[in-house]
Amino acid sequence: MNTQINGSAPVVSIKGVSKTYKSGHTALKHVDLDIRRGEIFALLGPNGAGKTTLIGIVCGIVRPSSGTVTADGFDVVTQFRHAREAIGLVPQELSTDAFETVWSSVSFSRGLFGKARNDAHIEKVLRGLSLWDKKDAKIMTLSGGMKRRVLIAKALAHEPRILFLDEPTAGVDVELRHDMWEMVRQLRETGVTVILTTHYIEEAEDMADRIGVINKGELILVEDKATLMRKLGKKKLTLQLQSPLESIPTAIADLPLTLSDDRQALIYTFDTQAEETGIAALLRRLSELGIDFKDLKSEESSLEDIFVSLVRGNA
């Protein structure tokens with residue numbers, strides 16, 4: 001796997017990382033992953049796949065059973081303080097300082113990392129997250145969506161070079177989602193590396209440069225998004241029939257065809273990379289069988305289709 005981008009070393013390097021808890025549960029199995037400086041990396045996987053454990057290890061919250069991790073060149077165990085200074089983490093849980101104001105909570109987070117006071121930076125972060133008008137409000141009075149914005153502001157307060165977003169838009173409103181992704185794009189332009197886990201696969205499809213898929217503690221695939229879509233993408237051709245079929249005729253049973261639930265359409269799946277799609281032959285054979293159609297449309301598989309097929313194949 002290429003670990004270099006623009007000739008620089010990876011900003012996060014994970015080597016042979018495994019994690020087995022005292023209960024005997026193995027959350028991660030020998031994970032190797034390099035994350036490039038300045039990229040948006042999406043980590044996808046079903047619940048319990050190991051995403052949050054892996055993030056916890058990189059952030060120094062969870063200690064690995066074996067393996068090593070460096071963040072911005074610092075070992076996350078032996079050089080914890082330096083490594084952690086480079087990282088901003090937006091966790092899943094809405095744990096905030098309920099009685100503090102937004103301004104004091106975010107400013108305090110900056111001070112925790114030994115950073116000098118910088119009111120202009122805090123103001124920029126709060127404005128970017130549409131929190132400026134709430135700066136003097138106590139966090140306990142805010143809505144769930146606003147509390148989520150505060151968590152992001154706290155993670156950005158100390159100007160991290162690496163930002164982890166663990167399911168950042170779970171259960172939040174569309175406006176926040178839009179604001180957040182706008183900020184992520186701006187952060188990348190300044191050289192910040194963004195690693196996100198998400199259940200909203202369309203977000204990964206829209207935002208990410210590379211995709212990693214984790215299942216049952218194993219990293220089963222890491223690929224540039226465009227390459228992944230090209231290599232694993234399939235196209236579907238849906239033919240709306242003039243008359244419903246009871247079943248697919250034996251004469252065309254050898255083709256990659258399925259019948260829709262209402263028996264009103266034939267769905268033909270083909271590889272986008274193949275030299276021959278087989279569509280011409282399909283249409284000819286349908287004509288020979290007297291099967292007429294009134295409409296046809298094609299669609300490409302989404303990242304969600306690819307993800308589901310990968311996880312099923314790894315089950």
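Q: Which residue in S2 is the bridge partner of Thr-20?
A: Thr-26 is the S2 partner of Thr-20. Strands here are DSSP runs of E with at least two residues, helices are H or I runs of at least four, both numbered from the N terminus.

Q: Before we go on, what am I looking at?
A: A predicted model: local features need pLDDT of at least 70, side-chain atom pairs count only at pLDDT 80 or more, and totals for chains, interfaces and linings use all residues. Residues are numbered from 1 along each chain as its sequence is written, and side-chain values use heavy atoms, with hydrogens and water left out.

Q: OK, and how many bridges link S1 and S2?
A: S1 (residues 12-20) pairs with S2 in the antiparallel sense over 6 bridges; pairing takes at least two DSSP bridges between two strands.

Q: What's the strand order in the sheet?
A: S2-S1-S4-S5, an open sheet of 4 strands with antiparallel pairing.

Q: Where does Arg-185 sit, and what does it touch?
A: Arg-185 is in helix H6 (residues 174-189). Leaving out residues up to four places away in sequence, Arg-185 touches Asp-206 and Met-207, with contact meaning heavy atoms within 4.5 Å.
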